[in-house]
Protein chains: 2
Amino acid sequence: VHGGVVISLERLRRVRGLEPELWRMNVEAGVNTADVSRLARENGLIFPPDPGASEQSHIGGNVATNAGGPHAFKYGPTGAWVSGLEAVLAPGELATVGSATRKDASGYDLRGLLVGSEGTLGILTAVQLRLAPAPALALPLVAFIADLSSAQRALLEILGSGLQPAALDFLDAAAFALAAGSFPGKPPGEFTRSSERDGGGVVLLIELDGSPGEVDEQLAELDQVLGPYEESPLQRPAPSALWRWRDGLNGAIASVRGGKVSEDICVPPERLEEAIHAVYLLGAELSLPTCVWGHAGDGILHATFMVDVSSPAELERGLQASERSLALALSLGGSISGEHGVGYVKRTYLGADWDGATVAAHRHVKEALDPKGLLNPGKKDPLAGSPPAE
Amino acid sequence: VHGGVVISLERLRRVRGLEPELWRMNVEAGVNTADVSRLARENGLIFPPDPGASEQSHIGGNVATNAGGPHAFKYGPTGAWVSGLEAVLAPGELATVGSATRKDASGYDLRGLLVGSEGTLGILTAVQLRLAPAPALALPLVAFIADLSSAQRALLEILGSGLQPAALDFLDAAAFALAAGSFPGKPPGEFTRSSERDGGGVVLLIELDGSPGEVDEQLAELDQVLGPYEESPLQRPAPSALWRWRDGLNGAIASVRGGKVSEDICVPPERLEEAIHAVYLLGAELSLPTCVWGHAGDGILHATFMVDVSSPAELERGLQASERSLALALSLGGSISGEHGVGYVKRTYLGADWDGATVAAHRHVKEALDPKGLLNPGKKDPLAGSPPAE
């Protein structure tokens with residue numbers, strides 16, 4: 001790309017409207033996601049999407065990538081909470097799409113099309129958000145499970161039980177050990193020791209929410225489902241402490257060798273075990289310390305390979321591992337991006353598992369809304385660049 | 001349209017896959033929506049969308065119009081439950097969009113674009129549906145409220161209270177009186193008498209769901225919120241009886257004068273009272289018996305004018321009233337279709353409240369995916385035909 005322009009929306013920081021009694025908020029694209037959540041909470045409401053690093057994220061970026069997070073399991077990704085948006089469309093006109101009404105079945109879902117389009121179809125300048133009443137109680141819980149295959153069975157039993165946890169996350173023993181020192185609870189000893197346990201235990205982070213009565217009932221059910229699989233009884237960390245700790249995980253893992261290459265891939269949840277084993281194999285083949293964590297309920301896994309960024313050879317192997325993890329997701333009937341979009345690294349894999357008609361439709365949409373290719377050029381373009389190696 | 005072709009998908013009736021333990025179902029477009037719901041229920045799950053006449057609806061049609069229903073208040077419209085779909089795209093290729101994975105942030109949301117496109121962008125042949133665990137208890141409740149302005153305040157208080165009912169529907173006294181004979185409960189006397197009470201009382205149909213404990217807690221809260229507004233204590237009809245009765249309402253109302261013209265418009269919920277008054281005024285001006293009912297929580301109202309279909313003059317006035325109700329919705333910041341799409345009658349109003357850039361983007365999307373205009377021609381075309389009269 002020559003002559004590219006980077007547009008910063010950092011100064012679009014205004015909260016244009018907040019109507020808590022109607023569960024609505026209208027904010028400009030540069031407002032911090034953490035501030036959106038805080039404003040909702042201060043008014044007895046929640047803005048459920050909770051991608052990591054919300055203090056550093058702008059709501060516009062979260063909408064443009066349709067970001068997920070632990071609570072997307074029950075509440076859906078960012079786009080599910082956007083009822084309208086304002087965007088600059090090519091060649092440079094301001095458009096308002098959708099509105100504050102809760103339902104609209106009149107036109108095509110241009111709102112949904114712009115959500116997650118990563119700036120390639122238009123530039124979001126403001127979003128009309130839906131909020132929800134805050135549950136009276138949110139109870140985070142942690143289960144330690146001895147091995148991967150038990151964890152896969154436990155996951156399927158939770159889904160099959162009729163429980164609907166607000167969040168259903170996991171970390172493998174290697175990921176857990178890297179942050180065990182700051183864990184707000186008492187893990188069984190074997191979970192605090194190093195990454196030699198690759199392929200060993202699994203930690204489930206589960207949040208139940210609802211009224212106190214509802215949470216009690218769910219907890220009893222969950223206890224029964226998990227009982228046969230647990231290493232130790234369900235632990236209850238202090239409410240906000242668990243997710244704060246979880247949010248710090250990225251940094252903890254990156255610091256081990258100075259860097260990491262991590263993909264957010266997605267597979268059907270019944271194939272998580274298979275996917276994780278294959279990720280370990282990849283790491284072993286390429287001699288890279290490996291760990292995996294993610295959103296088990298949604299089948300999203302962050303396949304993470306730790307690298308010394310000062311070593312070009314290691315970095316190269318990291319990129320290789322990462323690329324191969326994308327092919328792996330597709331081979332298991334999954335997606336190359338569960339929750340954070342495609343960006344630059346994954347772009348050659350976009351569309352690798354689509355049929356010809358879908359690739360064509362995707363291209364036609366881009367050409368229709370950005371005929372001169374001005375918006376975030378080269379991104380979100382199926383089968384751009386070299387075809388996948390595999 | 002000359003030489004039009006009608007494509008029937010009635011023979012696409014196969015359930016391709018049902019994985020209850022993974023909350024998934026894959027069905028062809030011609031499967032009855034009632035059968036989808038029944039299959040889910042028989043497996044301890046729910047398919048939450050519940051547009052009327054599910055025995056006569058095909059799931060493909062419900063997806064193509066992104067149909068709503070009472071439970072869309074808590075659970076969202078049909079599109080929220082579609083994770084993937086199979087469609088024939090122009091000029092005639094089969095495409096699979098999305099999949100069974102619960103999250104996918106990789107490509108543009110072509111899935112969402114086809115949902116609600118009313119056959120103008122592609123022909124749906126099969127859909128991959130998400131299901132949800134069935135709540136242990138669903139408790140339908142009925143509140144009788146003396147006048148419209150109390151009902152508006154009660155609605156806002158319910159929303160402001162932090163309650164999240166599964167459904168929050170309403171009928172005005174006129175609509176209620178027309179079906180009072182078969183109501184599964186004991187309405188206060190004044191609600192059973194005729195449509196002279198236009199502008200009089202309002203009946204709220206509310207469903208609470210969750211675990212028994214959760215429902216109890218919500219009920220106590222709801223009782224407290226509604227207490228000052230109610231004519232008589234909250235009534236509890238037999239579980240399925242209320243929605244079966246509600247589903248029969250359309251027929252009951254149509255039978256009064258042989259026909260009716262009814263629009264499904266949508267306004268911000270805080271403007272329902274204003275909208276309903278304006279609908280009454282329209283009916284009075286055009287000398288048509290009028291009633292209003294709909295989904296209060298979502299601000300959706302079915303503005304209904306009863307007509308003798310054998311009288312051309314009356315039918316003409318009915319269409320006039322209906323058209324003016326669309327303009328009314330737009331003037332209140334709402335939408336011309338809350339839940340059933342645009343179809344033929346409303347087509348001249350589509351886009352009447354959009355800015356130029358949005359109209360252009362909408363047209364470009366149609367041209368991109370159906371360049372020869374083969375698919376459901378003339379429909380879903382913003383500002384097609386004559387501009388709104390107003």
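In this predicted model, the side chain of Gln235(A) reaches over to the backbone oxygen of Lys186(A), at 2.4 Å. Gln235(A) sits in the loop between α7 (212-226) and α8 (239-247) of chain A. With a relative accessibility of 15%, Gln235(A) counts as buried, because the cut-off for that label is under 20%. Setting aside neighbours within four places in sequence, the residues in contact with Gln235(A) are Pro140(A), Leu141(A), Val142(A), Phe144(A), Phe183(A), Gly185(A), Lys186(A) and Pro187(A).

Elsewhere in chain A, strands β4 (residues 82-89) and β5 (residues 93-98) run antiparallel and are joined by six bridges. One of the residues involved is Val88(A), whose bridge partner in β5(A) is Leu94(A). Three residues lie between the strands of this hairpin, and Gly92(A) there takes a positive phi near 150°.

Turning to charged pairs, a search over all chains of the structure comes up with 30 salt bridges. Among them is the pair Asp35(A) and Arg38(A), with side chains meeting at 2.5 Å, N to O. These two residues are three apart in helix α1 (residues 33-42) of chain A, so about one helical turn separates them. Asp35(A) is partly exposed at 26% relative accessible area, and Arg38(A) is likewise partly exposed, at 31%. In chain B, Asp35(B) and Arg38(B) also form a salt bridge, at 2.5 Å from N to O. Both lie in helix α1 (residues 33-42) of chain B, three residues apart, or about one turn of the helix. The relative accessible area of Asp35(B) is 27%, which makes it partly exposed, and Arg38(B), at 31%, falls in the partly exposed class too. Salt bridges with shared partners also tie Arg14(A), Arg16(A), Glu28(A) and Glu86(A) into one network. Another pair in chain A is Asp109(A) with Arg111(A), at 3.3 Å from N to O.

Then there is the interface. Chain B and chain A each put 76 residues into the contact. About 5600 Å² is buried between them, with carbon and sulfur atoms giving 62% of that area. Two salt bridges are counted between the chains, one of them linking the side chains of Glu270(A) and Arg24(B) at 2.5 Å, N to O. The polar contacts across the interface come to 20 residue pairs. On the side of chain B that touches chain A, the elements giving two or more residues are α3 (72-75), β5 (93-98), α4 (110-114), α5 (148-160), α7 (212-226) and α12 (356-369). The largest share, nine residues, is from α12(B). By residue class, that side of chain B splits into 33 nonpolar, 26 polar and 17 charged.

Note on methods: Residues are numbered from 1 along each chain as its sequence is written. Chains are lettered from A and ligands numbered from 1 in the order in which they are written. This is a predicted model: local features need pLDDT of at least 70, side-chain atom pairs count only at pLDDT 80 or more; totals for chains, interfaces and linings use all residues. Side-chain values use heavy atoms; hydrogens and water are left out. Contact means heavy atoms within 4.5 Å. Buried area is the accessible area (1.4 Å probe) that two parts lose on being put together, summed over both. A salt bridge is a side-chain nitrogen of Lys or Arg within 4 Å of a carboxyl oxygen of Asp or Glu. A polar contact is a pair of N or O atoms within 3.5 Å; within protein, one must be able to donate a hydrogen and the other to accept it, and residues adjacent in sequence count only if both atoms are side-chain atoms. Helices (H or I, at least four residues) and strands (E, at least two) are DSSP runs, numbered from the N terminus. Ala, Val, Leu, Ile, Met, Phe, Trp, Tyr, Cys and Pro count as nonpolar, Asp, Glu, Lys and Arg as charged, and the others, Gly among them, as polar. Two strands pair if DSSP finds at least two bridges between them. Buried means under 20% relative accessible area, exposed over 50%, partly exposed in between (1.4 Å probe, protein chains only).
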